[in-house]
Amino acid sequence: MQLPHTQLRGKERLHNVIKCLSESCPWTKSITSEMMMGFLESELKELKDELVIMKSCKTNVEKINNNVDNKKEIVSEVGDIIFDVLMLEMAIRREYDIDMEEAWQAAAEKVERRTPYIKEWGDGVTTASTVEDTEKIWQQVKKKEKMRVESAASESVITSQKETNRNDNDNADTSTSINISKSPSRSRNFGILLYSNGKSSMEKLKENGTVVGTAALAFTLGAFVSRLLLGRGIR
């Protein structure tokens with residue numbers, strides 16, 4: 001049973017705030033993912049400024065005097081960032097009809113792949129005893145992932161172009177009187193090819209551990225969330 005809003009606490013309350021805003025607030029209904037990205041960038045800068053102030057205190061006296069107020073500001077800024085991330089999630093879900101569970105799942109799976117030394121999900125072979133080890137492994141796995149994505153995307157584009165050419169030839173065979181200027185274009189935008197071919201090739205691409213089309217947006221947001229939660233920054 002859903003508790004009254006005023007009785008909710010923490011993440012449940014904030015999630016309900018987002019839900020109510022999306023249903024009843026005209027401004028929230030008008031926002032776009034691009035707008036929310038701008039707000040999020042601004043909030044990240046404000047948090048960075050607060051952290052710089054905290055670290056700049058040179059003596060224990062300064063730290064004690066500034067600690068309470070500065071911590072309140074940091075809590076506030078982190079809260080703003082979480083709010084903006086949830087609003088961005090809502091905007092992307094609405095604009096692109098994406099199941100955001102995919103984003104959370106993508107974030108978890110990405111971190112798992114890039115930290116194979118963790119016993120709960122690791123390969124039982126890889127080890128990391130220093131920060132340098134973890135960074136090296138992270139970058140190695142990231143490079144392999146990028147190569148797989150590029151290979152799969154290239155294969156998808158080639159397949160789509162072959163299908164387009166075949167359709168063009170079929171049209172030419174069945175109607176030789178059609179003016180060539182009206183025949184389907186052989187040159188398609190790269191992004192459109194990926195998106196339009198997504199349904200026919202998505203399962204094959206997923207088997208290779210890659211995501212194309214609208215699902216790529218979920219993957220990207222998931223990556224952002226994983227970086228935020230790990231404190232690694234966006235890269």
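Helices here are DSSP runs of H or I with at least four residues, strands are E runs of at least two, and both are numbered from the N terminus. On that basis the chain has nine helices and zero strands, and reading along the sequence gives the plain pattern α-α-α-α-α-α-α-α-α. The model is predicted, so to speak of local features takes a pLDDT of at least 70 and side-chain atom pairs count only at pLDDT 80 or more, while totals for chains, interfaces and linings use all residues. Residue numbers start from 1 along each chain as its sequence is written, and side-chain values use heavy atoms, with hydrogens and water left out.

Of the 235 residues, 28% count as buried, that is, under 20% relative accessible area, with exposed meaning over 50% and partly exposed in between (1.4 Å probe, protein chains only). As for contacts (heavy atoms within 4.5 Å), 64% of those between residues at least 6 apart in sequence join residues at least 24 apart.

Helix 3 runs over residues 33-56. An α-helix has 3.6 residues a turn, so residues three or four places apart point the same way.

Tryptophan 27 counts as partly exposed because its relative accessibility is 42%.

Technical notes: The expected span of a helix is 1.5 Å times one less than its number of residues.
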